[in-house]
Amino acid sequence: MAGAAAQGAGAPGGVGGALRRAWFPALLGIALTATVLFLTLPIVAIFVDSGPGRLLDALGDPSSRDALRLSLVTTTIAMAVVVVVGTPAAYLLATRRFRGRELVVTLVELPLVLPPAVAGIGLLAALGPRGLLGGALEDAGIRLVLETAGVVVALVFVSAPFFLRAAQTAFAAVDPRWHEASRTLGASEARTFVRIAVPAALPGLAAGLALAWGRALGEFGATLMFAGSFRGITQTVPLAIYDRFATDFDGALALSAVLVAVSAGLLLSVKLIARDALR
Amino acid sequence: MLSVELRTRIGALDLDVALDVPAGRCLALAGPSGAGKTTVLRAIAGLLRPDAGRIDCGGATWLDTAGGVALAPELRGCGYLFQDYALFGHLSAWRNVAYGLHELPRRERRPRALELLASFGIGERLAGKRPAQLSGGERQRVALARALGPRPRLLLLDEPLSALDARTRAGAGRELARLLRALEVPAVLVTHDFGEAALLGDEVAVLDGGRIVQRGTAARLAAAPASGFVADFTGAAVLTGRVNERHGDSGLTVIALDGGGVVSATDAGEGDVAVSVHPWEVTIEPAASAAGGSAHNRLEAEVVSVTEIGNRVRVGLALPQPFTAEVTRASVERLGLAPGARVVAVWKAAATRVTPR
């Protein structure tokens, strides 16, 4: 930097020349600083305002504990469904070329751009009592609306595309000749998928899982419209926060801090586990 | 015994190849890039399904498009050495080798993998490393151990030396040649380098534009190329011309070169031909030297380049057609060869091959 400035002083324009050269890096730095401040300020504020004591109080409250337990159970089941079904689906999309592939990719990404309220209405129209498949579900004895199972359905719907996108990218980045080498070494397609493709794509799969899990933990709109907000049955942490917001702002703040801590902890551990699995 | 017949279209290339390789022999499939060499290997391994064809190996039918047979790659038992080895990057060297040993009980795989690696000069310390931490030569040996570990019925090698730097290549080439001689199953090797084909193949099949244009031992290909393309590929200097006449008494064919000059050859030929001669058959004399016998070709030439390669010197000439001679360093000094010098290139009519273009 000093060298560049010295050169600038010698060049026509002097200090003005140096300024003219330095304005762009300065602009980049200002933009990044503003971005980081704006994006972290609310999170910092939640912890500053609630404080560690109130955080523990929030955890001591039974309704908070119910919400936290429900959030962890429903997101875990939702993530299991997303990973078990989504991983082979993403592998197919990433490794095969077939007619209509682009269309399929777009269709599975569609929930990404859907407003949560629209997602909730859509789920009701499809799986609600008077929805497209409502009759069939009722005959099979399956009730989703206003049930914990409905929460899981809503979470899978909104979070699956995050995992599918990341998993597709991860599988596409695996050298296609590894598949071929595996086949010539006597491994079937299924064995190649389990032993080569998945382990090689694991960091990308874990990143996708972390994103999807974070999205599921924060899910609000679709769950509220499709499953409602009943304590212990469908009231996840975001719904419990909203429930308190009008009457008990401090309680809502403390519960928010808990959610942020749990989300960050999950993100971190998923990434660490994936990294260790590769060792 | 491997026997292959296949026809397929890959983009603009129309591939039509038939070849057979006895057990214990190595066929080098040689040709320029884009000739369809790798496509042939992939079809044999089952990684690509040709439009039509039949592949039999060791008494089993792997592919018969007419009979609706197409064995999956994992059932063929081909050892395949990929061009840049395709080692699994997330597995250590020994796990790469153990991956193919899944017919062994689990607890025997590691000792067997280490044993195989050791036979290729990869010790236990290197065996625990990932491919990215190994050198090119080490990677090649791990890939060979991996390909041969499951005792394949056929070995396929795609440019086995091209991923190595020049220093490693000579040694690795000799090692590979020894390994191929000891191999009891058929082997097919793909290379764009004639020297490599000659070193590693018992026989060489030259592939051009999807067809095998000539097949034989490397020595035979160099001595009697079937076309100007094969001659050029074997490293001969190739000139183009047209047959003028055939002398009844001397038995020589006289060819007028495109762009000027006349050469004679003991080979017969007709119409437009390619004339080829190996650079080491050509000697260089001063411009004003006395004429020799009629059995010698003598062409005036201008020196274009002088390149020292080991103890030989490669001299690029303009006849005006581009031409190459290989001489000793002593003659370069004696003749004062430098770009721009006028000289006479001399070679025997008997060393001159005449082929269709």
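**Note on chains A and B of a predicted model**

1. Of the 279 residues in chain A, 36% are buried, a residue being buried if 20 or more other C-beta atoms, placed from the backbone, lie within 10 Å of its own. The model is predicted, with local features needing pLDDT of at least 70 and side-chain atom pairs counting only at pLDDT 80 or more, while totals for chains, interfaces and linings use all residues. Residues are numbered from 1 along each chain as its sequence is written, and chains are lettered from A in the order in which they are written.

2. Chain A contains 12 helices and 0 strands; helices (H or I, at least four residues) and strands (E, at least two) are DSSP runs, numbered from the N terminus.

3. The radius of gyration of chain A, taken over C-alpha atoms, is 24 Å, whereas a compact globule of 279 residues would have one near 19 Å; the globule rule is 2.2 Å times the number of residues to the power 0.38. The C-alpha trace of chain A spans about 85 × 65 × 35 Å along its principal axes.

4. Among contacts in chain A with a separation of 6 or more, 75% join residues 24 or more positions apart. Two residues are in contact if their C-beta atoms, placed from the backbone, lie within 7 Å.

5. Chain B comprises domain 1 (2-223) and domain 2 (228-356), with bounds from an automatic or database domain assignment. The centres of these two domains of chain B, taken over C-alpha atoms, are 38 Å apart.

6. In chain B, 8 residues of domain 1 are in contact with 6 residues of domain 2. Strand E10 (203-208), strand E11 (211-216) and helix H9 (218-223) of chain B each supply at least two residues of the domain 1 side.

How values were computed. A residue is buried if 20 or more other C-beta atoms lie within 10 Å of its own, exposed if 12 or fewer, and partly exposed in between; C-beta atoms are placed from the backbone.
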